[in-house]
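Here's a quick walk through a protein model and the two ligands placed in it. Have the structure open as you read and click along.

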Amino acid sequence: MARPPSVLFTPIQVGSVEIPNRFVRSATHEFMAEDDGTPTERQAEVYRKLAEGEVGLIITGHAYVNPEGKASPRQTGIFDDRFIGPLSRLSSAVLGTPSRIFVQIAHAGRQSKKRLCGGTPIAPSAVFDPSSKVHPREMTAADIRATVEDFVQAARRAQEAGFDGVQIHAAHGYLLSTFISPHTNRRTDEWGGSVENRSRILVEIIRGIKTVCGPEFPVIIKLNSTDFLPTGLSVEDAVAIARILEAEGLDGVEVSGGMAESGRGSVWQGLRAEDEEGYFTENAAKFKAALKIPVSGLGGNRTLAVMDKFIRQGRADMISLSRPLIRDPFLVRKFRFGEAVKSECVSCNKCFNPRGISCGDLKRAK
Ligand SMILES: Cc1cc2nc3c(=O)[nH]c(=O)nc-3n(C[C@H](O)[C@H](O)[C@H](O)COP(=O)(O)O)c2cc1C
Ligand code: SF4
């Protein structure tokens with residue numbers, strides 16, 4: 001028996017693309033690509049299941065736009081045209097279903113490591129990262145221009161590979177979030193200082209993608225709303241940045257937070273009470289009040305009624321889920337049929353398996 005209609009199961013427009021419901025599979029690195037970045041059939045299988053499970057918008061794990069921006073082993077590469085063929089096998093996995101699929105395009109910046117990226121990791125300013133122990137190299141203006149082009153070319157490859165859109169990763173201490181954070185961006189040229197200057201790299205990337213892929217090709221962003229650092233990004237600045245990007249044609253924002261250096265990322269451990277679910281939703285509501293484009297609320301969303309409430313109260317337009325969909329890729333479908341009202345994910349973080357994500361808690365229980 002179908003549940004009574006919930007706003008969560010109504011469609012929403014993200015740019016030119018209609019998403020059949022409000023559920024987003026937040027980008028989740030699968031640890032399943034080949035060592036050289038080539039995507040695999042195992043990943044296609046993950047997306048096939050998520051589409052079968054009726055996730056409206058599936059966002060792939062972060063794909064690196066340049067080898068110097070590699071964050072992790074077994075991460076998907078999108079830095080060369082040779083990946084277009086294998087990437088198209090991923091987008092094909094959801095063909096024939098109502099689900100849409102976007103690639104998350106990313107550069108790890110100072111959260112990469114020499115052994116992964118082959119040199120000294122780069123950043124807007126040479127600010128030491130105590131978590132990775134990396135002393136990054138400050139980017140030159142030419143490096144910044146080249147990085148803009150890397151993101152634009154990555155989006156072109158995503159489009160040629162049949163993806164419905166891209167999500168720019170500007171969260172969690174990766175390169176683009178270090179540009180918008182005053183803690184990690186100490187530049188005094190046109191790429192640092194004011195909110196306008198700190199968001200310039202994102203503006204250039206969005207303009208470049210819209211020029212190369214066409215204005216209809218959806219571009220969304222995962223944006224930090226806080227770094228959890230006293231000298232870091234404020235939510236007010238983050239909202240101001242989103243407004244600048246909206247004026248450039250950005251099609252949606254997923255509101256996240258965290259930076260390795262602060263010891264607080266976006267993947268919070270431990271079960272929370274229902275009234276503490278959606279831990280970035282309070283920030284998302286501030287974006288929602290200032291923007292016309294869809295805003296997705298993220299972080300510890302577990303209970304259907306709470307997610308429904310967030311949308312009805314106008315705090316978000318969409319709901320992002322990562323770990324609940326590792327635990328059960330069919331969760332959204334179960335919600336729709338009334339077979340589940342809450343995710344069974346216990347937020348233990350045992351799914352970070354370097355040989356491929358899976359629910360460690362479920363395995364332990366078997
Ligand atoms: C195994 C794993 C891999 C992740 N990979 C990414 C990623 O590639 N890009 C990203 O932006 N966030 C990534 N995240 C963070 C999630 O997208 C999400 O922001 C976070 O887990 C909070 O949502 P949740 O409580 O629904 O899991 C990852 C999380 C997990 C658990
Ligand atoms: S291991 Fe399973 S229960 Fe634990 S956080 Fe990951 S998906 Fe959730």
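## A serine with two partners

Let's start with Ser 225, whose side chain has a polar atom 2.7 Å from the backbone oxygen of Ser 256. Bear in mind throughout that this is a predicted model. The side chain of Ser 225 also makes a polar contact, at 2.9 Å, with the side chain of Asn 283.

Buried or exposed? Ser 225 counts as buried because its relative accessible area is 0%, and the cut-off for buried is under 20%.

## Ligand 1 and its pocket

Ligand 1 sits in the largest pocket. Two elements give two or more residues each to the shell around ligand 1: β4 (57-64) and α11 (323-327). There are 23 residues around this ligand, and the ones that come nearest are Ala 27, His 29, Gln 104, Gly 300 and Arg 323. Sorted by class, the shell holds 12 polar, 8 nonpolar and 3 charged residues.

Which atoms pair up with the ligand's oxygens? The side chain of Arg 323 has an N or O atom 2.7 Å from an oxygen atom of ligand 1. Ser 322 uses its backbone, with a polar atom there 2.9 Å from an oxygen atom of the ligand. Ser 266 brings in its side chain, where a polar atom lies 3.0 Å from an oxygen atom of ligand 1. As for how covered the ligand is, ligand 1 taken alone exposes 610 Å², and the protein buries 97% of that.

Most residues other than glycine have a negative phi. Ser 347 is found in the loop between α12 (331-336) and α13, and it is buried, with a relative accessible area of 4%.

## Another positive phi

His 172 also has a positive phi without being a glycine, with a value near 65°. You'll find His 172 in the loop between β9 (165-170) and α5 (175-180). At a relative accessible area of 15%, His 172 is buried.

Asp 328 is in the loop between α11 and α12. A polar atom of its side chain lies 2.9 Å from the backbone nitrogen of Phe 330. With 16% relative accessibility, Asp 328 counts as buried.

Further along, Asn 353 is in the loop between α12 and α13. Asn 353 and Glu 30 are 323 residues apart along the chain, yet their C-alpha atoms are separated by 8.6 Å. Asn 353 has 18% relative accessibility, so it counts as buried, given that the cut-off is under 20%. Val 94, in the loop between α2 (84-92) and β6 (100-106), is buried too, at 4% relative accessibility. Its C-alpha atom is 14 Å from that of Arg 42, which is 52 residues away along the chain.

## An exposed lysine

What about Lys 133: buried or exposed? Lys 133 is exposed because its relative accessible area is 62%, and exposed means over 50%. Its place is in the loop between β7 (122-123) and β8 (137-138).

The side chain of Lys 133 reaches the backbone oxygen of Pro 130 at 2.8 Å.

Terms used
Residues numbered from 1 in each chain as written. Chains lettered and ligands numbered in written order. Predicted model: local features only at pLDDT ≥ 70, side-chain atom pairs only at ≥ 80, totals over all residues. Heavy atoms only, no water. Near = heavy atom within 4 Å. Polar contact = N/O pair within 3.5 Å; in protein donor to acceptor, adjacent residues only side chain to side chain. Areas by Shrake-Rupley, 256 points an atom, 1.4 Å probe, with all protein chains shown as cover. 1 Å grid on protein atoms, 1.4 Å probe; cavity = no way out; pocket = protein on both sides within 12 Å on 5 of 7 lines; lining within 4 Å. Sits in = over half its atoms within 2 Å of the grid points. Helix = DSSP H or I, 4+ residues; strand = E, 2+ residues; numbered from the N terminus. Nonpolar A, V, L, I, M, F, W, Y, C, P; charged D, E, K, R; others polar. Buried < 20%, exposed > 50% of the residue type's maximum accessible area, 1.4 Å probe, protein only.
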